[in-house]
Amino acid sequence: MNLKVKAVAIVAGIFAITIVGQGAIALAAEVYGAQAVLNTFIGGILVFLVYQMYTMILASLERDKEIDKLSNKE
């Protein structure tokens with residue numbers, strides 16, 4: 001597949017996901033109320049950020065351990 005065609009397909013997919021997501025959020029806001037949807041969204045963002053922080057700390061610790069392991073081999 002040509003790279004330009006592949007890039008267009010990826011961009012089209014992102015736009016389609018965005019449109020479907022917006023529709024799902026609008027529907028959820030009608031069914032559950034805007035405040036409940038907003039609270040859920042904020043909670044999801046906070047969970048995501050905590051997970052990212054954990055991932056960064058774990059990667060840092062693993063890197064430090066690997067550096068120590070390589071330093072001791074000398």
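One salt bridge is present in the structure, which is a predicted model. The bridge joins the side chains of Arg 63 and Asp 64, with a nitrogen-to-oxygen distance of 3.4 Å. A search of the whole structure also returns one aromatic pair, and the rings involved are those of Tyr 51 and Tyr 54.

**Salt bridge**
- Side chains of opposite charge can pair when their charged atoms come close.
- The N to O distance between Arg 63 and Asp 64 is 3.4 Å, and a salt bridge is counted when such a distance is within 4 Å.
- Arg 63 has a relative accessible area of 46% and is therefore classed as partly exposed, while Asp 64, with a relative accessible area of 33%, is likewise partly exposed.

**Aromatic pair**
- The whole-structure search finds one aromatic pair.
- The ring centres of Tyr 51 and Tyr 54 lie 6.5 Å apart and the ring planes meet at 40°, so the pair is described as tilted.
- Both tyrosines, Tyr 51 and Tyr 54, belong to helix α2, which covers residues 34-72, and they are three residues apart, or about one turn of the helix.

**Ser 71**
- Ser 71 is located in helix α2, and its relative accessibility of 37% places Ser 71 in the partly exposed class.
- The side chain of Ser 71 reaches the backbone oxygen of Ile 67 at a distance of 2.5 Å.
- Between the C-alpha atoms of Ser 71 and Ile 19 the separation is 52 Å, and these two residues are 52 residues apart along the chain.

Note on methods
Residues are numbered from 1 along each chain as its sequence is written. This is a predicted model: local features need pLDDT of at least 70, side-chain atom pairs count only at pLDDT 80 or more; totals for chains, interfaces and linings use all residues. Side-chain values use heavy atoms; hydrogens and water are left out. Rings of Phe, Tyr and Trp (its six-membered ring) pair if their centres lie within 6.5 Å; planes under 30 degrees apart count as stacked, over 60 as edge-to-face and the rest as tilted. Helices (H or I, at least four residues) and strands (E, at least two) are DSSP runs, numbered from the N terminus. Buried means under 20% relative accessible area, exposed over 50%, partly exposed in between (1.4 Å probe, protein chains only). A polar contact is a pair of N or O atoms within 3.5 Å; within protein, one must be able to donate a hydrogen and the other to accept it, and residues adjacent in sequence count only if both atoms are side-chain atoms.
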